[in-house]
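Visitor: Hi! I have a new model open on my screen and would like to talk it through. Could you walk me around?

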Amino acid sequence: MAAHRKPRQRSIGGPTVRTAATLALAGAATATGFDGTGHADPQLTPAQVKAQVDKLYQQAEAATEKYDGAKEQADAAQRRLNALHDETARRQAKLNSARDALGSFASAQYRDGGFAPAWQLALSNDPDRYLDDAAFAERAGDRQAAAVSRVREQLREIEQLRGAARVQLASLRSRQAELSRQKKTVTDKLAEARRLLARLTPQQRAQVTGDDGSAPGRASRSAADARQALAQAGSGPGSVAAPDSRAAAAVAYAYAKLGSPYVWGAAGPNSFDCSGLVQAAYRSAGISLPRTTYAQIDAGRRVSRSELQPGDLVFFYSGVSHVGIYVGGGQMIHAPNPSAPVRLAPVDEMPFAGATRVA
């Protein structure tokens, strides 16, 4: 009678285990794909969105200031290049006239035969008359020699102008390339900020951006309202009046622009970035300021935070990438970012970097 043997169990391992594991992972992946959570971005709280958006806006604004600076330099390079082209054209016209005059003189010499002076004297019927004519011709030759020298000098000057124009053209192209780089940085950062904000409900977005929807009403503020607000800003506890009429005019301009949209690279009259608002406000007061925050902070006398008066420029962040106009009572007017219009805000809402008095 045959012995009863237990059937031999297969070892768990090898291809069988790999197949099972593959099926299990495939099943998990399939389940994850169906419930839509496999590759979804993590759900962020409004506070986390605000932190990320604020950082993106700050980075975009830093790039905007670099863009503004590069544009200012590109515009200056273009003006210099245009001036060099205009000057070269004027010099070329003068050179052409001088060349025409020399050409006429050469043609006259050819028609006269160009005999050597000794032969002309020997063949002359009136030697005394010839000697007088020869002295005149010698003086005329000296004048023509001077004209030739002037033409040569004009040629050298034109070549120098053309060399300077080539240098300016290279500078312009470099500035334009920098413009393109900074523009891409700005647009990428702002697009990412918009993507994050789009995840939120309208109420959450208002909470994150601080926009309560009252901007249109503020945008329609009249000049009289602006002056009244300026007077009120200077009458609060611990506040002082603007130090002079130009500072007061700049502050009044800023009040009149409350509610205007933020547009990066804009300097008015209907939209602004932060340094563009400051530049436009002081331009209205008859003071010319540089275009960027990096240059504006050095455009006047530095003052401490405790010395602030209406009209002073207040700067923020370690890189000095944001600026506002102090209006008194611990408040400033600034162009915050694309999600908020020009508005009043506390000076202490951002990291303070310094202040300058330009009026």
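**Around the core and the sheet**

Guide: Happy to, and keep in mind that this is a predicted model. Let's start at Ile325. Setting aside neighbours within four places in sequence, Ile325 is in contact with Ala250, Val251, Ala254, Val278, Ala281, Gly311, Asp312, Leu313, Val314, Gln331, Met332 and Ile333.

Visitor: Which residues touch the most other members of the largest nonpolar core?

Guide: Ile325 is among them, along with Phe272, Tyr282, Leu289, Leu313, Ile333 and Val342; the core has 28 residues. Two or more residues come from each of H8, H9, E2 and E3.

Visitor: And what does the second, separate core include?

Guide: That one has 14 residues, including Val49, Ala60, Leu196 and Val208. As a general background point, nonpolar side chains tend to be buried together in soluble globular proteins.

Visitor: On to the sheet. In what order do the six strands run?

Guide: The order is E1-E6-E2-E3-E4-E5, in an open sheet with antiparallel pairing. At the edges are E1 (301-303) and E5 (343-346), each pairing on one side only. From one strand to the next, the twist averages 40°.

Visitor: How many bridges are there between E4 and E5?

Guide: Four, with E4 (residues 331-334) and E5 paired in the antiparallel sense. Ile333 has Leu344 as its bridge partner in E5.

Visitor: Which strands does H8 touch as it packs on the sheet?

Guide: H8 touches E3, E4 and E5, and its direction makes about 105° with that of E3. H9 also packs on the sheet, touching E2, E3 and E4, and the direction of H9 makes about 45° with that of E3.

Visitor: What is the phi of Tyr317?

Guide: Phi of Tyr317 is near 75°, a positive value in a residue other than glycine. Val320 has a positive phi too, near 50°. Tyr317 is in the loop between E2 (313-316) and E3 (322-328), and Val320 is found in the loop between E2 and E3 as well.

Visitor: Is Tyr317 buried or exposed? And why?

Guide: Tyr317 counts as buried because its relative accessibility is 17%, and the cut-off for buried is under 20%. Val320, at 16%, counts as buried too.

Visitor: Last stop, salt bridges. How many does the count come to?

Guide: The count comes to 14. Arg90 forms one with Glu87, the closest N and O atoms being 2.5 Å apart. Arg91 also meets Glu87 in a salt bridge, at 2.8 Å from N to O.

Visitor: Where do Arg90 and Glu87 lie?

Guide: Both lie in helix H2 (residues 46-111), three residues apart, about one turn of the helix. Arg91 and Glu87 are separated by about one helical turn because they are four residues apart in H2. Arg91 is partly exposed, with a relative accessible area of 25%.

Visitor: Which residues are linked with Arg90 and Arg91 in a network of salt bridges?

Guide: Glu87 and Glu157 are linked with them in that network.

Visitor: And how far apart are the closest N and O atoms of Glu159 and Arg166?

Guide: They are 3.3 Å apart, in a salt bridge. Glu159 counts as partly exposed at 41% relative accessibility, whereas Arg166 counts as exposed at 52%.

Terms used
Residues numbered from 1 in each chain as written. Predicted model: local features only at pLDDT ≥ 70, side-chain atom pairs only at ≥ 80, totals over all residues. Heavy atoms only, no water. Buried < 20%, exposed > 50% of the residue type's maximum accessible area, 1.4 Å probe, protein only. Core = buried A, V, L, I, M, F, W, Y, C linked by side-chain atoms within 4.5 Å. Contact = heavy atoms within 4.5 Å. Pairing = 2+ DSSP bridges. Axes fitted to C-alpha atoms, helices over the stretch in contact; angles between N-to-C directions. Salt bridge = Lys/Arg side-chain N within 4 Å of Asp/Glu carboxyl O.
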